[in-house]
Amino acid sequence: MSSPIPSFKLNDGNEIPSLGYGLGTANFKRKNAPPFDQTIVNNTLTALSVGYHHLDGAEAYGNEAELGAAIAQSSLPRSSLFVTTKTSCREGETISQAFHRSLEKLGLSHVDLYLIHSPYFSGATPETLREKWSELEKLKDAGLAKSIGVSNFLKEHLEAIIEQNPSLKYKPAINQIEYHPYLQHITEKEGDLVEYHKKHGIVVEAYAPLTAITKAQGGPVDPVYEELAEKYGVTTGEIALRWCLDQGIVAVTTSSSKERLEGWLKRVGTFKLTEDEVKRISAEGRKKNYRGFWNNKLGEDDWR
């Protein structure tokens, strides 16, 4: 099944498919899970079989071995896949040690994108963020990670590795953040985080893009989603994904439903929202705030 979903160009010249299949949330390996979870392999094989070739993993998800097994069992050429994993920056080990452990579990010779999973690791300071970033730059130079980036970084963290870093060699290609109409990262003090990314040529990658439907339903965006879904003959979830893509934002989502995965891939690329429709969703979204992740690190009124 060919995908009509476009790819976005990164600041290092590489390209990323704009719709990805996530190995977190529903595929996250819980503490009581078996050492090797075939269900995760099967879910990932389903995603691959319907055309999701952008796979978003992380060491923190506990399922890199399952992701690697699915890739091997799919028999798809490696060149057709875009594989991401992330480091948790565990205390007492280098980025190189973490990366090679992930690579071994994945059974790959390189990854397409390697991210620092968050700026909240133990001992994190502006200086240590710069040190960790320098280690990622070395992986890129070695060809082990084609592109490098960050995740869950706010403006202050990006500034530490970009604007306050005299030894900077590469800007992050990606910042993967929770992003949906109820968390647009716009505040009076900090400004617009997405605009900051555009200024520096960093692509935003949204996780939890369906939050307004799945976790925070009953808000002001609902009637707009429903109206536009009827207009375009698609689901509200496909409107939510298209809202990201039409802003140049990569969307990562997941499901164990083959039908739902097929629907997203089949229909999201067949229409575009108008500029006014994108703005309307954004405006309604700003009437409500909801954050699903990292509430333990950010204040309940912190919407940066």
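**Note on the predicted model**

1. Trp133 lies in helix H4. The model under discussion is a predicted one. With a relative accessibility of 0%, Trp133 counts as buried, because the cut-off for that class is under 20%. Leaving aside its neighbours within four places in sequence, Trp133 is in contact with a list of residues that includes Ile116, Ile148, Gly149, Val150 and Ile161. Asn165, Leu168, Tyr170, Lys171 and Pro172 are also among the contacts of Trp133. Along the chain, Trp133 and Asn165 are 32 residues apart, and 9.9 Å separates their C-alpha atoms.

2. Helix H5 covers residues 155-162, and its buried residues are His157, Leu158, Ala160, Ile161 and Ile162. The cover over these buried residues includes helix H4 (126-141) and strand E7 (145-151). Strand E8 and helix H6 (193-200) also belong to that cover. Ile161 links this point to the previous one, for Ile161 is in contact with Trp133.

3. The next point concerns a pair of helices. Two packed helices are described by the angle between their axes and the distance between those axes. Here helix H1 (residues 38-50) and helix H10 (residues 258-267) have axes that come within 10 Å and cross at roughly 35 degrees. The crossing of H1 past H10 is right-handed. From H1, the residues Thr46, Ala47, Ser49 and Val50 take part, and they meet Lys258, Leu261, Glu262 and Leu265 of H10.

4. Ser102 is placed in helix H3, which runs over residues 95-106. Its relative accessibility is 1%, so Ser102 counts as buried. When neighbours within four places in sequence are set aside, Ser102 is in contact with Glu59, Glu64 and Thr85.

5. Two residues deserve attention for their backbone angles. Most residues other than glycine have a negative phi. Cys89 is not a glycine, yet its phi is positive, at about 55 degrees. Cys89 is placed in the loop between strand E5 (82-87) and H3. Its relative accessible area of 6% means that Cys89 is buried.

6. His185 likewise is not a glycine and has a positive phi, of about 60 degrees. The loop that holds His185 runs between strand E8 (174-178) and strand E9 (186-187). His185 counts as buried, because its relative accessibility is 4%.

7. What does the chain contain as a whole? There are eleven helices and twelve strands in the chain. Of its 304 residues, 53% count as buried. The accessible surface of the chain comes to about 13300 Å², and carbon and sulfur atoms hold 48% of this surface.

8. The overall dimensions may be considered last. Along its principal axes, the C-alpha trace of the chain spans about 50 × 50 × 40 Å. A compact globule of 304 residues would have a radius of gyration near 19 Å; the chain has 19 Å, and therefore agrees with that expectation. Among contacts in the chain with a separation of 6 or more, 78% come from residues 24 or more positions apart. The pair of Trp133 and Asn165, in contact and 32 residues apart along the chain, provides one example.

Key
Residues numbered from 1 in each chain as written. Predicted model: local features only at pLDDT ≥ 70, side-chain atom pairs only at ≥ 80, totals over all residues. Heavy atoms only, no water. Axes fitted to C-alpha atoms, helices over the stretch in contact; angles between N-to-C directions. Helix = DSSP H or I, 4+ residues; strand = E, 2+ residues; numbered from the N terminus. Left-handed = near helix turned anticlockwise from the far one by under 90°. Contact = heavy atoms within 4.5 Å. Rg over C-alpha atoms; globule rule 2.2 N^0.38 Å. Buried < 20%, exposed > 50% of the residue type's maximum accessible area, 1.4 Å probe, protein only. Areas by Shrake-Rupley, 256 points an atom, 1.4 Å probe, with all protein chains shown as cover.
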